[in-house]
There are 2 protein chains.
Amino acid sequence: MDPGCTCELCELRELFFDKLEGAHLDIVCSGRVEKTFGKGETIIKEGTLIRDFIYLKSGLVKLYRTDNAGKEQIITIAKPYDYISLLSVFSNDRYQYSVTALEDSVTCNLDMKDVRKMAGENGSLALNLLKHMSRVADKIILDSLDIRKKHLRGRVAYLLVFFSQNVYLSPEFDLPLSRKEMADYVGMTTENVIRTLSEFRRDGILKIYGKTIRIVNMDTLKSVAEFG
Amino acid sequence: MDPGCTCELCELRELFFDKLEGAHLDIVCSGRVEKTFGKGETIIKEGTLIRDFIYLKSGLVKLYRTDNAGKEQIITIAKPYDYISLLSVFSNDRYQYSVTALEDSVTCNLDMKDVRKMAGENGSLALNLLKHMSRVADKIILDSLDIRKKHLRGRVAYLLVFFSQNVYLSPEFDLPLSRKEMADYVGMTTENVIRTLSEFRRDGILKIYGKTIRIVNMDTLKSVAEFG
DNA sequence: TATCATATGTGATTTGTTTCACAACAGGTC
DNA sequence: GACCTGTTGTGAAACAAATCACATATGATA
């Protein structure tokens with residue numbers, strides 16, 4: 001094994017490469033490339049050829065599509081463990097969506113050919129990939145159905161609860177999205193996102209300092225997220 | 001090989017089981033069960049344990065979720081080659097959605113344990129499964145984003161074009177969905193589906209005889225589907 | 001520091017969609 | 001045939017959300 005390989009220290013190792021040994025471990029260790037992206041930088045551009053198998057080691061990213069009118073539709077927000085470039089990669093030549101860093105992020109990239117080869121030779125790796133792709137796809141589909149049936153207040157509340165509870169684990173956090181991006185995610189206009197946030201502020205549910213949000217009344221916000 | 005096995009005649013064989021041989025082929029041949037469902041019958045019920053790996057041999061089905069208020073949200077409509085119970089099956093114990101036959105349908109069922117075992121032992125089968133899951137998930141996600149950004153007229157037009165061009169391959173066909181189900185699919189109310197259909201009729205885009213639809217002006221309908 | 005572009009914020013108006021109320025019709029069943 | 005129950009159909013009123021118009025901040029840059 002390559003003595004310089006640090007994969008055995010990788011927190012994400014068990015996600016896929018738990019059972020690797022011998023030649024396969026070498027492929028991963030010597031073939032992988034880490035890349036760093038600053039906030040706002042593009043990691044994947046819609047329409048480009050898929051060459052790498054990419055997963056997120058740290059940071060936060062958005063997956064989105066741009067329609068012919070230039071309007072962005074955010075598909076999902078993903079953090080490490082969530083995001084792996086699984087959508088499309090086994091069925092398509094080209095990416096069907098773009099990925100941009102919402103916070104400074106680090107990805108680990110492997111050659112797609114190697115991953116395909118290993119998946120074909122190593123059953124437990126293949127099953128791991130199936131499990132993860134299934135999980136990612138389910139989450140995106142079910143979340144999207146959830147959002148779709150909510151009204152504006154419910155959608156904004158849902159987003160805030162998501163950031164607070166799933167990403168930052170704190171009632172106070174800096175929004176990684178602009179108001180416009182929030183609108184792109186939940187399918188409403190920028191003005192209405194702003195208006196809804198102001199409403200929540202007036203209702204005493206939260207405090208707003210620019211991008212910084214402090215959730216004062218989490219219970220109310222959660223119930224708006226669920227039933228609104 | 002079991003002399004009674006007819007898998008080699010199955011039109012869907014190459015979807016997954018192209019490269020099977022020996023013991024694996026036996027597992028498929030002797031373990032598979034075909035089931036027939038009449039129009040309206042439930043094939044999979046949300047929340048039940050996933051035991052089988054199921055794919056559609058013939059017919060047409062809807063995948064949907066029922067929310068706590070009892071309202072159905074249709075996730076997708078699938079025909080043979082589209083539908084395989086891939087969503088969830090590798091990541092979950094239980095189905096996250098229900099499946100009901102829209103037309104008389106036949107499924108081929110395999111024991112999930114066998115499929116998992118074979119995928120772990122046969123690389124090309126695993127890659128096939130990855131490819132199909134990826135394709136199915138992509139389609140559902142991208143279609144759903146497409147629908148979301150359309151207005152009512154565009155959504156109804158999209159549905160009609162889908163049935164005409166992707167399912168029945170004819171400008172005249174019997175709608176397999178009630179007005180209410182169409183509404184559940186595209187996320188609008190039954191009344192508005194009916195109203196929109198009436199509008200299309202008044203505009204001379206189509207003729208309606210109950211469930212039978214005849215598209216008179218396909219070009220207009222398509223452009224409504226795309227831009228409306 | 002001045003300037004520009006972009007993001008945030010608010011109100012009034014218009015549009016799109018749902019809700020409600022009701023009628024006509026079809027298919028099953030007693 | 002008479003009676004349900006559910007589906008289809010239409011219109012008017014109520015509501016939600018988008019659009020438009022404008023003001024104010026913020027951040028980058030010359």
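Reader: What are the ground rules for numbers and confidence?
Author: Residues count from 1 along each chain as its sequence is written, and chains are lettered from A and ligands numbered from 1 in the order in which they are written. The model is predicted, so local features need pLDDT of at least 70, side-chain atom pairs need 80 or more, and totals for chains, interfaces and linings use all residues; side-chain values use heavy atoms, without hydrogens and water.

Reader: How do you know that the copies meet through the same surface?
Author: Contact means heavy atoms within 4.5 Å. By that rule, 38 residues of chain B touch 38 residues of chain A. Of the interface residues of chain B, 100% are also interface residues in chain A, so the surface is the same.

Reader: How much area do chain B and chain A bury between them?
Author: About 3,300 Å², 60% of it on carbon and sulfur atoms. Buried area is the accessible area (1.4 Å probe) that two parts lose on being put together, summed over both. In chain B, B:Leu130, B:Ile141 and B:Arg148 lose the most to chain A, together 19% of what that side buries.

Reader: Why is the pair A:Arg65 and B:Asp146 called a salt bridge?
Author: The term needs a side-chain nitrogen of Lys or Arg within 4 Å of a carboxyl oxygen of Asp or Glu. Here the N to O distance is 3.2 Å, so the pair meets the rule.

Reader: What makes B:Ser198 a polar contact of DNA strand D?
Author: A polar contact is a pair of N or O atoms within 3.5 Å; within protein, one must be able to donate a hydrogen and the other to accept it, and residues adjacent in sequence count only if both atoms are side-chain atoms. A polar side-chain atom of B:Ser198 lies 2.3 Å from a phosphate oxygen of DNA strand D, so the pair qualifies.
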